[in-house]
Amino acid sequence: MTSPDSASLLLNRRAFLGRTALGLGQVALASLLNPALLRGAPATSDVWRGVVNPLHFPAKAKRVIWLYMAGGPSHLETFDHKPKLAEMHGQPMPESITQGQQVAQLQGQKLNCFAPQYPFARFGQAGQEICTAFPRIASLADEICIVRSMHTDQINHDTAHTVMNTGTAISGRPSMGSWVLYGLGNECADLPGFVVMLSSGGGQDQPVATRQWSSGFLPSRFQGVRFQSGGDPVLYLNRPPGVDADGQRRVIEAVNQLNRQYDSVAHDPEIATRISQYEMAFKMQASVPGLMDLSGESAQTLEMYGTKGADGTFAANCLLARRLAERGVRFIQVYHRGWDHHGGIKTGIKTVSGLVDQASAALVTDLKRRGLLDDTLVIWCGEFGRTPMAQGDGRDHHIKGFSMWMAGAGVKPGFSYGATDEFGYNAVENPVHVHDLHATMLYLLGIDHLRLTYRFQGRDFRLTDVAGEVVKPLLA
Amino acid sequence: MKRITTLAWLGFAALAARAETNAPHAVATAGAVAFNRDIRPILSDNCFACHGPDSAKRKAKLRLDTREGLFAERDGKSIVKPGHPNQSELARRIATSDEDDLMPPPKSGKALTKVQMALLQRWIAEGAPWEGHWAYQPVRHPPVPEVKQPAWPNNDIDRFILARIEKERLAPSPEADRRSLIRRLSFDLTGLPPKPEDVRAFEQDPSLEAYGQWVERLLASPHFGERLAMYWLDVVRYADTDGFHADNYRSVWPYRDYVIRAFNADEPFDQFTIEQLAGDLLPNATLDQRVASTYNRLGRSTEEGGAQPKEYLAKYAADRARSVGTVWLAATTGCAECHDHKFDPITTRDFYRLEACFADIKEAGVGKREGSLVPSPEQAADLKRLDGQIAGLEQTLTNCTAELVEAQAKWAEATAADLTAGKQAWATVKPERVVSAGGATLTALDDLSVLSSGENPDHDTYTVTLCTDQPHLTAIELEALTHPTMKNGGLSRANGNFVLTDVEVEAARAGEATATRVELASAIADFSQDGYPVANAIDGKSDTGWAVAGHEKPADHRAVFTFAKPVAAGPDRTLTVRLKFESSFKQHAIGRFRLSLTSIDHPDLTGSGLPDAVAKALRQPAAARTPEQLDLLKRHFLAVTPLLDKPRAELAATRKEREALVARIPTTLMTVAVEPRVTRILPRGNWMNDSGDIVEPAPPEFLGGAPLKDRRATRLDLARWLVSRENPLTARVFVNRLWKLYFGVGISKQLDNFGVQGEWPTHPELLDWLAAEFMDSGWDVKHMVRLMVNSRTYRQSSQESEELRERDPFNRLYARQARFRIDAEMVRDNALSVAGLLVDKVGGPSVKPYQPAGYWDQLNFPKRTWENDTGEGLYRRGLYTFWCRTFLQPSLLAFDACPREESTAERMPSNTPLQALALLNDPTYVEAARVFAARVLRCGGSDANAAIDWAFNQALDRKPTATEREVLAGLLREELQRFSANPESASQLLAEGASPVPANLKAPELAAWTEVTRAILNLHETIERF
């Protein structure tokens, strides 16, 4: 199998470790496979430099922090104000809208309008309309770019997450973080380039599968690495009990010495890769605990996020996201699984807002004051929205129109885009599909979504499948 | 060369394309241009998307994927005029400087390289010979080529390989050393390392016979089937969980064991295919054949609330059409779900015809899967015996002897008298008031039952107020009654089933504000669904309840709740009954119910109460009873008479025994055939669109498939076609995959795509020869394995020469063996085996070795934790690890095991820091190291260097070099020093893992050796097959 890993490593090692004489053509080929080599990067480094080199466009963003609001945040209690629903509360939704449309748990039920559960107000100089249940995010109205016309294809959590992350409901495709890492490489030598963190609270605790950060058919070095708050922060990161850092170092050194010995006989480039992976593993054992240790953060910073330490809350994870961004991690996904409000949406929104509002805003503010917001793209988005129709005192899943926001690198601040109809049902003005969002995100990273492809089973696949257009009006 | 192809857009297209053309064949393709090798890939990659099989997207009605299209005349011009590039429109269009005419159009982002243009020109100039796509041509048995070194080949495989090597003016590599050979064979054929003593014996006898004998021994090993099963299970997407959303367990492991058995028994591959796809349809299908049919149900399924059955049935159907494409045809059929395939002649109709082949599989769109029993022979015998006993007892219980006839007459008379006298045990009472907390409308019907309608809240509590003349009460009876307005005429509006989470009763004197809670002592019901016993309704918990499977079998049911103490009643008192429906299943409230009260002492379901119909019959004068009533009375009497208490109790006990037995019998999701569902072409794959044509089952048309004329084709027809000579793919696909297992890379590298975008095989004649041999041998898998591993090609050294490294960097000529990391499961098996911890039992339920705490905390519905097995479950082979699709055991995942959500013919190998972390820190490997260390101390001798040699040899079957020994000795010294200074650390390390620590060994020494063995288990060589 000639994966990007093995092919390029095979060639670049052979070309540059000086073990073998190669024809000029292969040297040129090797440099093509890994242009970093020609720029004098250390040949033994296994930090992936990416295949989009040079970039297709000048990049506005160097990295992405995706605040993933899992469960399906109600657009009608966040960013999409629909007074009409309050007027028609309890009355049937017009059949002209709902006829023949897919619903999830409301199958066979009466479809009655359900009033927004919290008032909206206009915020910032831009006068962006935002639900008052999210005061901290609202206070950033002039910083964020709201899209109110999102739509997607799948109405159940699992498959909708898969669409949001991989561009299709069929499993086995790479997630967006893997694509970005594959395309751009990692800027950080001792941390994974794609990190995922999860928290929950505030709604039904819907599961999120590892598929959502899987590298699919891309090699698994591009998969997201989940950081946990309890136990090992990264799986198997902690040394065995009774083995101190020195002991572990000695074991790794012995392994690497023996592997070098073996390589001198076997001449297999995989061995050199193995050696560097053990070096990286050792570095991670030092760097990850340092990253997770928030004791160096000021009281003011902790307070701003609303956390006391790396305790697995969304707030702590947002702070960790900033620390990861500082260290050059390319793609950071911070899930909060708390938005599935089939019932009791009023209290649910209040609870979930208490868990995410402050920290979401703090992250943007913190990035900005550190100068990181200029080249970090922050995205706040879930897998779908919720119905304008009541499900008891909650709302069902909804895919025809929902809201999200972005902030930071290259995004037009204090701007709203797109709209749903007066019921908040269909995205009618400037609809933005998940593929469009992906295309736009890649564009901001300097990647043409049509050109970041990978051949699998004979077809050149891409994150945006066969669709997607960059939403130019969102760009600063 | 995927990698290089994807780099074409980097702006180095010429270089990349040249590499692409050259690299797979390693050496320049001198001589005539060959259409399939050189031309079709260029056309497919650059032209077929607009001028190919997809009729909807075809531009200018031009096809270049067919002979007719390519050589057609258009507006008086030839697309391709053989021998005349200058008169060929194709040649002009690819080279023109006119951007409007240029092909491919610049805006497509595609561009031909100069090399590709030259090849096309040359091909036309050479007369434009055309060939059909190689993989779709009938398999023929090609002649075996002549070679210049006739002494080298051991069999015909070698002749094909050597002929090519000779043509390239290269030489095969020398034979590998004995140690490499035996390790290679053992890993390849069983997935396990050889035992050191076997290695010694093998080294001492370098004869070809000894080699052949070792091959035979491995082929006969029970682990041979395990090794091939590991691979097959990826291909068929076997897993222990259902994959969507909650990702719950479902039992299919008997299928896994079937696969192992089949490979071990060398079941012919055609039969193996037929059994998996249609074992249930075979005449007199054996249990094994029905177990095999689990293949059809291995795909993912959902239990998610709010999922629409129709949508998910469409997903399952599409999954099957994709899977059968990957498993047997190496065809990317999935592309044709929404549109005709862009590259291959697979139409959307073909896709849905494939789906239709599986339309008879019984399954629900949403919900838990219930399997069929897979009893062992003993269990089957027990089951048969119990069924016989039950039948006998049932016979006894329905057999009206003269004695019973007489007793019945007396009983009827007496009971009728009681009835007339008003001494009926149960009195059905009309509720004074009924309130639904959730807002449902509750209406009393004439038969005193209460019906719900209107609002249908997710959760509800019915509060019923009753008043009775009876002076005291001992129990309450609840009848759940079917009604046509309920789902499927069942018991609730949700799905016909209800979950009664709690019953509460309060008694009060009229006019008093406070009521007294009535304690319920017991609950019995005429039926309870598995997992929902009626006792749940009085346990005070809202997350448990009584249910009766009304969604599966709508029928009336009743339950009796007995009071702990009799309750005073009477006209001046009221009884309040609250029926709570608060389960996670929404809208599972009883749709129609009736309450009755009694004052008798030991009320139960059968004795004291009389069913309405029985009472009605008894009230009739004996002579006026209808035949149905007489029959009813007889059945009722037999059911309640004390005369039959003994056989009745025996029956109950036997049934209980049977239930207990059934609970022990494994199950699997066998295929059960039902009347086929209608299959329609879904426009753009949209399951909500019913406008598409109805299709009949058939194999793909481009492979000669068509619906049968006289009857509907079945899965069995499809399976038989797949392994017929008419299908050119199955044999080629399978031998190519076997080849990959033993030579590192397929003859056609793309194991899962034999379509136009797949790879032209490096040795097409050899591939055909192998495919023909496979079929001619009666689809004998072991025969093919034997041929491959007995070849000299296989036995070559994997050490590459400078020349080969340069001329054939990707080893496509097979002039040496391949070296690669062993698969995830084998990484585990090897460490356990070296340590002496491996439990090499074959088959059985999946096991749970160590897994980091909290790894499953993102799963829900229900929340669950991974409980490590104890005992041998911790030390089984990797292929038995519980395969959770959405959270696969992370050590396996780190080494590229795939989640098996889709059929996967090849894992993407990688080399990552997470692998290093797993091998260093996963308790599995730490425990293996310390158990290994104890063995070293026991068996390795007292001299440290000798012991290092012994340990090294145990893991790697060789002595360390002096340098290697010194590295390990240094590690040992330093760690011994550290642990001696800090014995507490030593004890901590030795506490890792469940296996006992030998008491006679000193902790610091054992810990220090554990560090040494950890290092050895972490070596690249340890996890490499070479």
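Two residues count as in contact here if their C-beta atoms, placed from the backbone, lie within 7 Å. With that in hand, we can begin with chain B: among its contacts between residues at least 6 apart in sequence, 70% join residues at least 24 apart.

Before going further, a word on the model itself. This is a predicted model, in which local features need pLDDT of at least 70 and side-chain atom pairs count only at pLDDT 80 or more, while totals for chains, interfaces and linings use all residues. Residues are numbered from 1 along each chain as its sequence is written, and chains are lettered from A and ligands numbered from 1 in the order in which they are written.

How confident is the predictor? For the complex, the predictor gives an ipTM of 0.85 and a pTM of 0.83. The pLDDT, which is the predictor's confidence in each residue on a scale from 0 to 100, has a mean of 92 over chain B, where 96% of the residues reach 70 or more. Residues 1-29 of chain B have a pLDDT below 50, and this stretch has 63 contacts in the model beyond near neighbours in sequence.

Now let us look at the build of chain B. Its secondary structure comes to 36 helices and 18 strands; helices (H or I, at least four residues) and strands (E, at least two) are DSSP runs, numbered from the N terminus. The C-alpha trace of chain B spans about 110 × 90 × 60 Å along its principal axes. Of the 1026 residues in chain B, 51% are buried. A residue is called buried if 20 or more other C-beta atoms lie within 10 Å of its own, exposed if 12 or fewer, and partly exposed in between, with the C-beta atoms placed from the backbone.

Chain A has 13 helices and 17 strands. Its radius of gyration, taken over C-alpha atoms, is 24 Å, close to the 23 Å that the globule rule gives for 476 residues, so chain A is as compact as a globular protein of that length. That rule is 2.2 Å times the number of residues to the power 0.38. Along its principal axes, the C-alpha trace of chain A spans about 80 × 50 × 40 Å. Buried residues make up 65% of chain A, and 75% of its contacts between residues at least 6 apart in sequence join residues at least 24 apart.

Where do the two chains meet? Their contact takes 93 residues from chain B and 85 residues from chain A. On the chain B side, the helices that each supply at least two residues include α1 (2-6), α2 (13-22), α34 (962-981) and α36 (1003-1017). It is α34(B) that gives the most to this side, with eight residues. The side of chain B that touches chain A divides into 41 nonpolar, 28 polar and 24 charged residues. Here Ala, Val, Leu, Ile, Met, Phe, Trp, Tyr, Cys and Pro count as nonpolar, Asp, Glu, Lys and Arg as charged, and the others, Gly among them, as polar.

Let us stay with α34(B) and its partner α36(B). Their axes come within 8 Å and cross at roughly 145°; axes are lines fitted to C-alpha atoms, for helices over the stretch in contact, and angles run from 0 to 180 degrees between N-to-C directions. Residues of α34(B) that take part include L968(B), L972(B) and F979(B), and those of α36(B) include A1008(B), W1009(B) and V1012(B). The residues of this contact divide into 11 nonpolar, one polar and three charged.

Most residues other than glycine have a negative phi, and most peptide bonds are trans. A cis peptide bond joins M103(B) and P104(B), with omega about -10°, and P104(B) lies in the loop between α6 (89-95) and α7 (114-125) of chain B. The bond from F861(B) to P862(B) is also cis, with omega near -5°.

Two residues other than glycine have a positive phi: N430(A), near 50°, and Q587(B), near 60°. N430(A) sits in the loop between β14 (427-429) and β15 (432-433) of chain A and is partly exposed, with 15 other C-beta atoms within 10 Å. Q587(B), in the loop between β14 (573-581) and β15 (592-598) of chain B, is buried, with 22 other C-beta atoms within 10 Å.
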